[in-house]
Each structure stands twice: as structure tokens, then as C-alpha cells.
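Q: Please go through this structure with me, and for each label show how the value leads to the term.
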Amino acid sequence: MVRKSGRYYLNIAVIVFVSATFLEAACAQTNDQTAIPATNLFSVSPLTLKGDAGVAPLGGLGQTTAELEAKVRRYFEARDYKRALDYAITGLESDPKRRPLLEVKAIALAKLGRFSDAVAARKDILPVGTEDVYDMDGLGELLLMANQIDEYRAFLSKYKTQIEGAYGGALLKYFSVLEAYQTGDPAQFRRVVTQSLTALPSKQGRLLGDWEFDELHTMISSHPDSHQKRMLLTFVRVLTGELSRDRALEAIKGL
């Protein structure tokens with residue numbers, strides 16, 4: 001069976017928690033301004049993240065759990081990650097260990113480019129579930145995107161066996177390239193990209209399953225154009241099956 005990324009795991013988790021509250025949600029009104037029956041409520045306190053003034057409070061509107069989770073799912077699927085994050089945080093105030101909401105919080109923060117906050121949120125998930133490769137994948141990538149290189153190296157030392165075995169070794173190659181990109185040594189980065197590409201299979205196709213690279217594109221969107229940025233994007237195109245390994249190697253030689 002093809003191994004899925006943490007993003008696939010989130011989709012399953014969202015379906016599970018929404019399905020669990022479907023009957024309640026079907027009878028509830030979900031308009032933000034609608035009065036809610038007095039039963040089975042919790043008061044929504046203003047939303048805050050430590051050190052973050054950018055999360056707007058939702059006010060004191062009471063909501064059922066089903067309504068809250070339905071809104072999280074709706075906003076997440078609409079890619080309104082700011083609102084999905086707001087409602088996820090509100091739900092976690094009532095149930096701090098509710099895994100689907102922890103997943104939404106971690107991924108929404110990453111989608112918004114708040115990688116250090118996303119690392120902290122991802123770590124909150126680990127005690128709730130098992131330390132399987134699905135959790136490890138997401139945390140490793142986030143540590144690199146947050147430029148927490150020392151912590152990433154400690155993480156890799158601990159979980160190297162799992163990461164080496166994921167996706168036929170392609171995941172470790174991706175992490176190695178991203179690490180070299182973040183360290184900022186152009187010559188070393190070129191060597192790592194070339195070696196990593198050479199070690200990938202020549203057959204074209206998706207090498208990391210359904211792995212998405214939205215967060216990576218968010219991270220580098222503000223970076224100035226450079227040979228390193230172009231090489232990183234070329235490597236990612238090989239991982240997504242858009243470009244063959246051999247053509248990528250030729251393109252990198254010309255940079």
C-alpha cells in the first residue's frame with residue numbers, strides 16, 4: 001500500500017470527527033449569527049495564540065461541538081486556513097487533546113507560513129497518538145522550513161530508520177535537499193541536489209505519493225530569485241513527476 005503523507009492523515013481525521021457528530025450537526029443551525037439552544041453549549045472565549053496579536057477574537061457566541069467542527073471542516077476545505085485555525089483553537093480550549101483539531105491547527109499554521117508555530121502545534125499531536133511515520137514526516141519538514149536545523153538533525157538521528165524507509169528513500173533525499181537549501185552554502189547545495197537526484201529512480205512519476213508542496217512554495221515565495229531557488233524547484237518537480245531525473249540533472253548543470 002502506498003504510504004500517505006500527514007496531509008492525507010488529516011483528511012481522514014477530519015472525515016472521522018465530522019462523521020461522529022453528523023446527526024447532531026444535521027439538526028444544528030450553523031449561521032454564525034443564529035441563536036443557539038441553551039443545551040450542550042460551551043462558551044467561546046476570545047481566540048489568542050501566545051505572542052500572536054493577529055488572531056481575531058470570535059467573541060462570546062456559544063456553539064455546540066458539532067457546529068464548531070462543521071465550521072472547521074468547511075473553512076479548511078475552502079482553504080480559508082485563517083478561519084479554520086480560529087475555530088480549531090476555540091475547540092481546543094474546550095478539548096485540548098482532540099486530535100483532529102490539533103491536526104487542523106498544525107496544518108493551517110503551516111499553510112499560513114507560520115512554521116515555528118506549526119512545529120509547536122505538531123509536537124502537541126505526538127503525545128496524543130503514536131509516533132508513527134505519518135507524524136514524523138510532517139514534523140521533519142516543518143523543522144526544516146522553520147530553519148530549526150539543529151533540532152532537525154536531532155530529530156533525524158532519532159527517527160532515521162523510519163525516514164530512510166519512507167517512499168523508497170525519496171523522503172530522506174527531499175529532507176537532505178531542503179536542509180542544504182536552508183544552510184545557505186551554494187556549492188554544498190549544488191552537490192547535495194546533484195547527488196540526491198542521481199540516487200532517485202530514473203522512471204518518472206510521483207515519488208512521494210500524494211505529498212503536497214504548498215508550504216514549501218509559501219516558504220520560498222518571498223525569497224529572491226537565485227540558482228539555489230531554481231534548483232530546489234527543479235528537484236521538487238522531479239518528486240511530483242513533472243520532470244524526469246535526467247532532464248533535471250541537465251537543467252541543473254546549466255544553472
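A: The model is a predicted one, and of the 255 residues of the protein, 47% count as buried. The protein holds 13 helices and 2 strands, and of its contacts with a separation of 6 or more, 66% come from residues 24 or more positions apart.

Q: What makes helix 9 roughly antiparallel to helix 10?
A: Helix 9 (residues 170–183) packs against helix 10 (residues 186–199) at an angle of about 170°, and their axes are 9 Å apart. Angles over 145 degrees count as roughly antiparallel, so helix 9 is roughly antiparallel to helix 10.

Q: Which residues of helix 9 and helix 10 meet, and how do they divide into nonpolar, polar and charged?
A: From helix 9, Lys173, Ser176, Val177, Ala180 and Tyr181 take part, and they meet Phe189, Val192, Val193, Ser196 and Ala199 of helix 10. The residues of this contact divide into 7 nonpolar, 2 polar and 1 charged.

Q: How many aromatic pairs does the count come to, and why is the pair of Phe76 and Tyr81 called edge-to-face?
A: With ring centres within 6.5 Å as the condition for a pair, the count comes to 10 aromatic pairs. The ring centres of Phe76 and Tyr81 are 5.5 Å apart, with the planes at 75°; planes over 60 degrees apart count as edge-to-face, so that is the term for this pair. Phe76 and Tyr81 are both buried.

Q: What makes the pair of Tyr181 and Phe189 edge-to-face, and are the two residues buried or exposed?
A: The centres of the rings of Tyr181 and Phe189 lie 5.7 Å apart and their planes stand at 65°, which is set against the cut-off of 60 degrees, so the pair is edge-to-face. Both Tyr181 and Phe189 are buried, and they are among the residues through which helix 9 and helix 10 meet.

Q: Which residues do ring pairs link into a cluster?
A: The cluster linked by ring pairs consists of Tyr152, Phe155, Tyr159, Tyr167, Tyr174, Phe175, Trp211 and Phe213.

Q: How do you know that the charged end of Arg74 sits over the ring of Tyr75?
A: The charged end of Arg74 is 5.1 Å from the centre of the Tyr75 ring, to be set against a limit of 6 Å, with a further condition of within 35 degrees of the ring normal; the charged end of Arg74 is counted as sitting over the ring.

Q: Why is Ile220 called buried, and which residues is Ile220 in contact with, leaving aside its neighbours within four places in sequence?
A: Ile220, found in helix 11 (residues 214–220), has a relative accessible area of 3%, and because buried means under 20%, the term applies to Ile220. Beyond its neighbours within four places in sequence, Ile220 is in contact with Tyr181, Lys229, Leu232 and Leu233. The C-alpha atoms of Ile220 and Leu233 are 9.5 Å apart, while the two residues are 13 residues apart in sequence.

Q: Why does Arg79 count as exposed, whereas Asn147 is called partly exposed?
A: Arg79, in the loop between helix 3 (65–77) and helix 4 (81–94), has 53% relative accessibility, and exposed means over 50%, so Arg79 counts as exposed. Asn147, in the loop between helix 7 (133–145) and helix 8 (149–165), has a relative accessible area of 42%, which falls between the limits of 20% and 50%, so Asn147 is partly exposed. Phi is positive in Arg79, near 65°, and positive in Asn147, near 60°.

Technical notes: Residues numbered from 1 in each chain as written. Predicted model: local features only at pLDDT ≥ 70, side-chain atom pairs only at ≥ 80, totals over all residues. Heavy atoms only, no water. Axes fitted to C-alpha atoms, helices over the stretch in contact; angles between N-to-C directions. Helix = DSSP H or I, 4+ residues; strand = E, 2+ residues; numbered from the N terminus. Parallel < 35°, antiparallel > 145°, perpendicular 65-115°, else oblique. Contact = heavy atoms within 4.5 Å. Nonpolar A, V, L, I, M, F, W, Y, C, P; charged D, E, K, R; others polar. Phe/Tyr/Trp six-rings, centres within 6.5 Å; stacked < 30°, edge-to-face > 60°. Buried < 20%, exposed > 50% of the residue type's maximum accessible area, 1.4 Å probe, protein only.
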